Amino acid sequence: NSMKIAFDVAVSKKTINFLKRKGFDIVYQAGHKESDLLWFNRALALGADVFISGDSDIGVLVAEHYDKKIKWLRFQGVRYANGLANDFLLKRLTKIQEIWGL
């Protein structure tokens with residue numbers, strides 16, 4: 001998998017570790033007190049091309065960088081939910097890979 005993923009603070013460590021085991025490259029996870037702009041810019045500097053967040057402010061930041069091949073995957077702060085969050089994200093990320101060639 002060549003996509004580089006950044007996560008908002010609300011995504012559980014279990015889900016992130018699950019995606020790592022599936023071969024996804026996790027480049028950043030926002031810290032608890034980090035502003036949206038700060039973590040977005042840090043992740044962008046690390047080459048993130050998929051931003052996973054339920055925060056529409058991240059969607060706005062992605063849209064402002066329309067010259068870059070980056071995507072926002074809206075994902076609300078769902079708890080681990082017995083793996084349902086994992087399945088949801090795995091399916092969405094796999095589809096993004098297929099469609100966008102990431």
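Leaving aside neighbours within four places in sequence, which residues is Phe 7 in contact with? Select Phe 7 and display what surrounds it: Ile 16, Leu 19, Ile 26, Tyr 28, Gln 29, Ala 30, Trp 39, Ile 52 and Leu 89 are in contact with Phe 7, where contact means heavy atoms within 4.5 Å.

This is a predicted model, in which local features need pLDDT of at least 70 and side-chain atom pairs count only at pLDDT 80 or more, while totals for chains, interfaces and linings use all residues. Residues are numbered from 1 along each chain as its sequence is written, and side-chain values use heavy atoms, with hydrogens and water left out.

**Whole chain.** Colour by secondary structure. The protein chain has 4 helices and 4 strands, in the order β-α-β-α-β-α-β-α along the sequence. Helices (H or I, at least four residues) and strands (E, at least two) are DSSP runs, numbered from the N terminus. Of the 102 residues, 42% count as buried; buried means under 20% relative accessible area, exposed over 50%, and partly exposed in between, with a 1.4 Å probe and protein chains only.

**Largest nonpolar core.** Select Ile 5, Phe 7, Leu 19, Ile 52 and Leu 93, the residues with the most contacts inside the largest nonpolar core, which has 17 residues. Such a core is a set of buried Ala, Val, Leu, Ile, Met, Phe, Trp, Tyr and Cys residues joined through side-chain atoms within 4.5 Å. The elements giving two or more residues to this core are β1, α1 (13-21), β3 and α4 (84-100). The largest share, 4 residues, comes from α4. Apart from this core lies another, of 13 residues, among them Tyr 28, Trp 39, Phe 51 and Ile 58.

**Helix α1.** Select Thr 15, Ile 16, Phe 18 and Leu 19, the buried residues of α1. Seen down the axis, they fall within an arc of 160°, so they line one face of the helix; the arc is that of the directions from the helix axis to the C-beta atoms. These buried residues pack against β1, β2 and α4. Now turn to the face away from the buried side, which carries the exposed residues Lys 13, Lys 14 and Arg 21. Just after α1, Gly 23 has a positive phi of about 95°.

**Helix α2.** Select residues 36-45; the buried ones are Trp 39, Phe 40, Ala 43 and Leu 44. Their arc around the axis is only 135°, which puts them on the same side of α2. Their cover includes β1 (4-7), β2 (25-29), β3 (50-53) and α3 (56-64). End at Gly 47, which follows α2 and has a positive phi, near 90°.
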